[in-house]
Amino acid sequence: MTKVQLSLTPEEAAILIGYGDQFGYSLPKTIKFMISKATESVVRSGSLPVYDLPDSLEKRGLQALKEHRAGKTSEVKNFAEYFDSI
């Protein structure tokens, strides 16, 4: 989790507090709400960065997908037991 520290002018704080009061939100919760809405807007616009996958990792992923489709995988229901068994 990334933490952010902000400095707001008294006017900015008053505006945000007034906005948050409509929903019963504190100032920090109002700011988190506004950031989540802005993030949602970015995701919906499709302007997320795309990163290239190294060829070796892509090959491993495609091989794993092929094995899964061929029925060579099994469902893990209890991770603690699974990791204890390997």
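Visitor: Lys59 lies in helix 3; is this residue buried or exposed?
Guide: Lys59 belongs to helix 3, residues 55–69, where a helix is a DSSP run of H or I with at least four residues, numbered from the N terminus. The model is predicted: local features need pLDDT of at least 70, side-chain atom pairs count only at pLDDT 80 or more, and totals for chains, interfaces and linings use all residues. Residues are numbered from 1 along each chain as its sequence is written, and side-chain values use heavy atoms, leaving out hydrogens and water. Buried means under 20% relative accessible area, exposed over 50% and partly exposed in between, with a 1.4 Å probe and protein chains only, so Lys59, with a relative accessible area of 62%, is exposed.

Visitor: What distance separates the C-alpha atoms of Lys59 and Val4?
Guide: Along the chain, Lys59 and Val4 are 55 residues apart.

Visitor: How far does helix 3 reach from its first C-alpha to its last?
Guide: Helix 3 has 15 residues. The expected span of a helix is 1.5 Å times one less than its number of residues. The reach of helix 3 is close to that expectation, at 21 Å.

Visitor: Which residue with a positive phi follows helix 2?
Guide: Helix 2 has 19 residues and reaches 27 Å, close to the 27 Å expected. The residue that follows helix 2 has a phi near 80 degrees, and that residue is Gly46.

Visitor: Which residues of helix 1 are buried, and against which helix do they pack?
Guide: Helix 1 covers residues 10–21, and its buried residues are Ala13, Leu16 and Gly20. They lie on the same side of helix 1 because they cover an arc of only 70 degrees around the axis, taken from the directions from the helix axis to the C-beta atoms. Pro10, Glu11, Ile15 and Asp21 are exposed on the other side. The buried residues pack against helix 2.

Visitor: Which residues does Thr30 contact, leaving aside its neighbours within four places in sequence?
Guide: Thr30 is found in helix 2 and counts as buried, at 0% relative accessibility. Contact means heavy atoms within 4.5 Å. With those neighbours set aside, the contacts of Thr30 are Leu16, Tyr19, Gly20 and Tyr25.

Visitor: What is the C-alpha distance between Ile15 and Leu27?
Guide: Ile15 has its place in helix 1 and counts as exposed, at 61% relative accessibility. Leu27 is twelve residues from Ile15 in sequence. From C-alpha to C-alpha, the distance between Ile15 and Leu27 is 9.9 Å.

Visitor: How many residues lining the largest pocket are nonpolar?
Guide: A pocket is an open set of points on a 1 Å grid over the protein atoms alone, where a 1.4 Å probe fits, with protein on both sides within 12 Å along at least five of seven lines; lining residues have an atom within 4 Å of a point. Among those lining the largest pocket are Met1, Pro28 and Ile35. Ala, Val, Leu, Ile, Met, Phe, Trp, Tyr, Cys and Pro count as nonpolar, Asp, Glu, Lys and Arg as charged, and the others, Gly among them, as polar. The lining has two polar and two charged residues, and the number of nonpolar ones is seven.

Notes: Helix = DSSP H or I, 4+ residues; strand = E, 2+ residues; numbered from the N terminus.
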